[in-house]
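Please read them with the structure open.

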Amino acid sequence: MGKKGKRDKKGKGAEKTLAKLEKKLSRRAKKEEEDLEALIAEFQSLDAKKTQVIESSCPPPSPRLNCSLCAHPERDELILFGGEYFNGQKTYLYNDLYIYHIRKNSWAKLDIPNPPPRRCAHQAAVVPTAGGQLWIFGGEFASPNGEQFYHYKDLWVLHLATKTWEQIKAPGGPSGRSGHRMVACKRQLIVFGGFHESARDFIYYNDVYTFNLDSFTWSKLVPAGMGPAPRSGCQMTPTPEGNIIIYGGYSKQRIKKDVDKGTLHTDMFLLKAEGAGKEEDRWSWSRLSPSGVKPPPRSGFSVAAAPNNRCLLFGGVQDEEEEESIQGDFFNDIYFYDVGKNRWFPAQLKGPRSEQRRRRRGRQAEAEAAGQEELQLPPPQGPLEIVKEVVAEDGTVMTIKQVIPGAAEDKDRAGSEEEEEEEGGALGQPVEPCPRSSAMVAVKHGVLYVYGGMFEVGDRQVTLSDLHCIDLHRMEQWKVLLEMDPKTQEWLEESESDEEEDDDDVEGAEGGEEEEESSEEESEDEEGEQQHPAVQPGEAQAQYVARTEQHWLRLARSHMGPEAKDKKVLKVAHAMAKTFYEDPIQTS
């Protein structure tokens with residue numbers, strides 16, 4: 001009893017501290033928000049000039065972050081709304097609405113009168129009611145210099161059948177916030193967590209609200225049990241039974257003046273609806289201990305519902321915080337969580353069928369060649385350049401290039417290369433999304449679509465606008481629906497010479513580009529002609545890595561530059577060596 005009493009007092013003390021912080025934050029943020037409200041009103045006056053619905057074909061959306069991407073509940077379409085873009089000096093906010101037509105692989109812009117104000121880091125959810133509805137809650141507006149923030153607490157619905165926006169004004173909802181999570185579950189919208197930030201203070205939330213889609217009323221839940229600590233950017237997944245699963249997320253706390261410490265959460269919770277799940281006292285928190293292989297700690301990951309009662313996690317970043325800087329390791333992997341089995345496991349790509357056949361033929365040929373004398377090769381057909389992509393455990397992408405002079409190819413190999421070109425590009429061309437965080441994802445008909453996201457190169461932020469997809473049933477290979485060259489993106493904060501250096505870094509993060517400047521071509525040609533140490537007969541992988549470590553360290557260092565940490569360079573070097581060992585570049 002004594003322990004319970006102490007725990008209750010501690011909980012009440014934490015609530016009081018949180019209430020004081022909210023009050024203090026509210027006073028400081030009020031002035032900032034008043035300034036930004038005038039700017040928001042100015043943008044809304046421009047939107048008010050829209051008087052009719054106009055849908056027009058258009059190029060793909062410009063690069064942006066923290067927008068929402070949802071699958072239309074009835075049509076083969078994806079719906080993209082809002083977002084932000086930072087070019088190094090100025091922040092741009094959007095409230096435009098785009099439709100991606102899946103079958104046509106084309107975009108259309110939808111101008112509808114009286115849209116929600118410009119925002120990013122909001123949440124969106126679709127329900128099939130009345131031909132489909134897109135619900136949007138919260139988010140933030142930032143001043144052009146990115147130093148002031150206005151957090152929304154408004155709720156909007158886009159009626160997809162009639163193409164009309166409607167603001168739903170219902171009291172008792174969550175406070176203004178961004179980075180929260182919202183899902184549709186059994187005729188309810190459920191909102192969890194998020195944060196509120198002003199120029200000097202911030203606060204993270206772990207409260208839960210429901211919005212009833214029949215009565216249009218908000219309710220704050222007070223679940224029993226110990227729930228997650230305050231956080232933003234977590235995974236929030238509804239189950240078929242009407243429960244909610246929370247995983248991971250990010251929060252930070254102030255250690256001393258102007259010094260904050262971030263926390264990557266890796267815990268998992270179940271918010272269970274007892275009975276009908278509508279009464280406040282019928283919800284309860286419990287902690288989950290999933291089995292399997294969990295994702296490495298990260299923030300900025302993306303989440304979507306997957307087939308077979310699973311949800312998936314894509315990408316993200318693991319920041320290494322030092323005293324005055326943050327270095328991030330970005331990911332492009334997929335992890336599945338099986339809701340029924342309470343189990344995590346990493347996705348494994350099977351590769352295209354033609355590649356699987358080629359692997360089998362390669363193994364058979366090697367077995368046959370082992371017991372035969374060397375065959376007479378046909379005349380050489382000129383040099384062959386091989387490009388291999390390596391993804392280290394921490395998500396770093398690197399390429400191995402080798403030029404084999406006078407390489408000969410048999411008809412089967414030539415034919416299979418033609419097949420591969422038809423299926424998605426030339427031999428060795430990377431088609432999977434490069435490592436990134438904050439990508440927008442949606443699933444339609446069992447296919448995962450990944451749009452945009454960002455990665456960092458030094459102090460430069462690269463905002464992406466590419467589009468990839470992968471069939472989650474087959475898990476064979478990624479397909480590129482829209483490409484983007486990050487080197488074409490403006491960045492205004494750095495000098496011209498710095499930008500040129502960053503272009504090289506961007507190229508490394510992308511896994512190499514086919515078209516480069518002449519100086520880059522020369523350096524890469526020299527690099528490509530370098531021969532990598534061959535795997536000796538009967539040599540184990542560990543022996544090969546140990547024997548050739550210095551070679552791969554030099555190659556990794558040449559790619560990553562002198563500023564890269566030794567530990568990270570070693571990881572990449574070992575990944576390159578293991579990749580080369582598993583599939584060495586051969587002339588036969």
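1. In this predicted model, the largest nonpolar core is made up of 17 residues, and L78, W107 and Y449 have the most contacts inside it. Two or more residues of this core come from each of β2 (68-71), β3 (77-86), β4 (91-101), β27 (440-444), β28 (447-457) and β29 (460-471). The largest share belongs to β28, which gives 3 residues.

2. Neighbours within four places in sequence aside, L78 is in contact with L69, C70, A71, Y98, I99, Y100, I102, A442, K444 and Y449.

3. There is also a second, separate core, with 16 residues. Among them are F314, V441, V450 and W478.

4. Cavities come next. The residues lining the largest cavity are K50, F81, N95, D96, L97, K109, L110, D111, I112, P115 and W165. At least two of the lining residues are supplied by β4, and at least two by β5 (106-111). Sorted by class, this lining has 6 nonpolar, 4 charged and 1 polar residues.

5. Is E37 buried or exposed, or partly exposed? E37 lies in helix α1 (residues 2-47). Its relative accessible area is 39%, so E37 counts as partly exposed, the class between under 20% and over 50%.

6. In sequence E37 and F141 are 104 residues apart, while their C-alpha atoms are 9.3 Å apart in space.

Technical notes:
Residues numbered from 1 in each chain as written. Predicted model: local features only at pLDDT ≥ 70, side-chain atom pairs only at ≥ 80, totals over all residues. Heavy atoms only, no water. Core = buried A, V, L, I, M, F, W, Y, C linked by side-chain atoms within 4.5 Å. Buried < 20%, exposed > 50% of the residue type's maximum accessible area, 1.4 Å probe, protein only. Helix = DSSP H or I, 4+ residues; strand = E, 2+ residues; numbered from the N terminus. Contact = heavy atoms within 4.5 Å. 1 Å grid on protein atoms, 1.4 Å probe; cavity = no way out; pocket = protein on both sides within 12 Å on 5 of 7 lines; lining within 4 Å. Nonpolar A, V, L, I, M, F, W, Y, C, P; charged D, E, K, R; others polar.
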